Amino acid sequence: MSVFPVVLSQSKFIHRDSVKYPLEERALQFGDGIYEVIRIYNGSFYLLDEHIDRLYRSAEAIKLTFSVSKTELKELLSELVVRNNLTEDGKIYMQITRGSAPRDHIFPKNVEPNFYAYVQALPRNLQNLKNGVSVITHPDERWQNCYIKSLNLLPNVLAKQTAFEQGCYEAILHRDGIVTECSSSNVYLVKDGKIYTHPTTRNILHGCVRMAIERFVADVGIQLVEEPFKIHDIQEADELFLSSSTSEITPIIMVDGQKIQDGKPGEITRKLQKAYEKDANILENLITNV
Ligand code: DCS
């Protein structure tokens with residue numbers, strides 16, 4: 001999906017072709033920055049406050065001082081959507097880096113962070129949402145601070161590429177057999193009517209869609225248990241699903257070539273997908289009518 005023409009750069013609205021960064025930029029050279037991906041339905045943000053709060057938590061965690069306030073930032077992002085006349089489903093990508101400075105591991109002094117945001121159209125992936133996806137399992141080779149949404153994504157990229165090369169959508173990551181999350185989504189296992197997922201320790205990203213799920217599980221009458229599960233629990237699972245801003249709540253129907261139950265999305269996953277559509281004010285209710 002192409003980037004819409006108006007982008008936000010250092011709090012200014014400019015044309016996407018005018019964005020230029022020097023060679024010595026902290027994110028380009030060190031991955032020294034943070035980011036967010038925010039979902040848009042019919043031109044409106046979904047879970048905006050959750051994303052903005054997490055962005056500032058990430059900034060604090062990497063000791064990055066960003067002088068734009070949360071309120072100002074939300075106004076700028078809303079204006080970005082309006083200026084691009086985005087009225088359909090889409091997403092915003094935004095990142096903040098420690099800035100441009102001569103290459104040195106030590107933080108540069110008196111350097112402004114580099115900040116940009118852009119908008120893209122993103123139709124819902126109805127095929128995946130309805131039919132589910134296949135995934136692989138893969139060792140979690142990341143660092144110990146995965147709660148920070150940092151730009152250092154090489155282990156995530158390599159795990160996802162391995163999944164892709166095997167015709168799969170995602171990689172379920174595990175540390176010594178304990179499932180943490182996926183390369184770019186959170187993962188959940190359903191067993192005997194309960195949903196299990198890794199607690200929000202430093203080893204996983206606390207997903208904004210997960211925060212929404214935590215809110216609406218009670219309405220659906222299901223218990224969410226924040227206990228990790230193991231790789232070898234997967235084949236005994238009743239259901240498995242993943243969540244992220246771009247994937248919403250996607251059923252997982254096959255892991256490492258083995259079907260989960262009958263290889264069809266489960267009932268609890270469907271209930272959560274319906275709750276998601278309601279929570280996000282999605283008008284079409286396409287899952288509801290499956
Ligand atoms: N875990 C990881 C490692 C992620 O990268 C993401 C989001 C999530 C979980 C789910 O978080 P949200 O529910 O807040 O989206 N990854 C974003 C990304 O890099 N592209 O799309 C979403």
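Trainee: Is Arg210 buried or exposed?

Mentor: In this predicted model, local features need pLDDT of at least 70, side-chain atom pairs count only at pLDDT 80 or more, and totals for chains, interfaces and linings use all residues. Residues are numbered from 1 along each chain as its sequence is written, and side-chain values use heavy atoms, with hydrogens and water left out. Relative accessible area, taken with a 1.4 Å probe and protein chains only, sorts residues into buried (under 20%), exposed (over 50%) and partly exposed in between. At 0% relative accessibility, Arg210 therefore counts as buried.

Trainee: Which residue forms a salt bridge with Arg210?

Mentor: A salt bridge here is a side-chain nitrogen of Lys or Arg within 4 Å of a carboxyl oxygen of Asp or Glu. The closest N and O atoms of this pair are 2.7 Å apart, and the partner of Arg210 is Glu226.

Trainee: How many residues apart in sequence are the parts that Arg54 and Glu36 tie together?

Mentor: Arg54 and Glu36 form a salt bridge, with their closest N and O atoms 2.7 Å apart, and both residues are buried. Helices (H or I, at least four residues) and strands (E, at least two) are DSSP runs, numbered from the N terminus. Because Arg54 lies in helix α2 and Glu36 in strand β3, the pair ties together parts whose separation in sequence is 18 residues.

Trainee: What is the relative accessible area of Lys70?

Mentor: Lys70 meets Asp53 in a salt bridge of 2.8 Å, N to O. Asp53 is partly exposed at 32%, and Lys70 is partly exposed with a relative accessible area of 33%.
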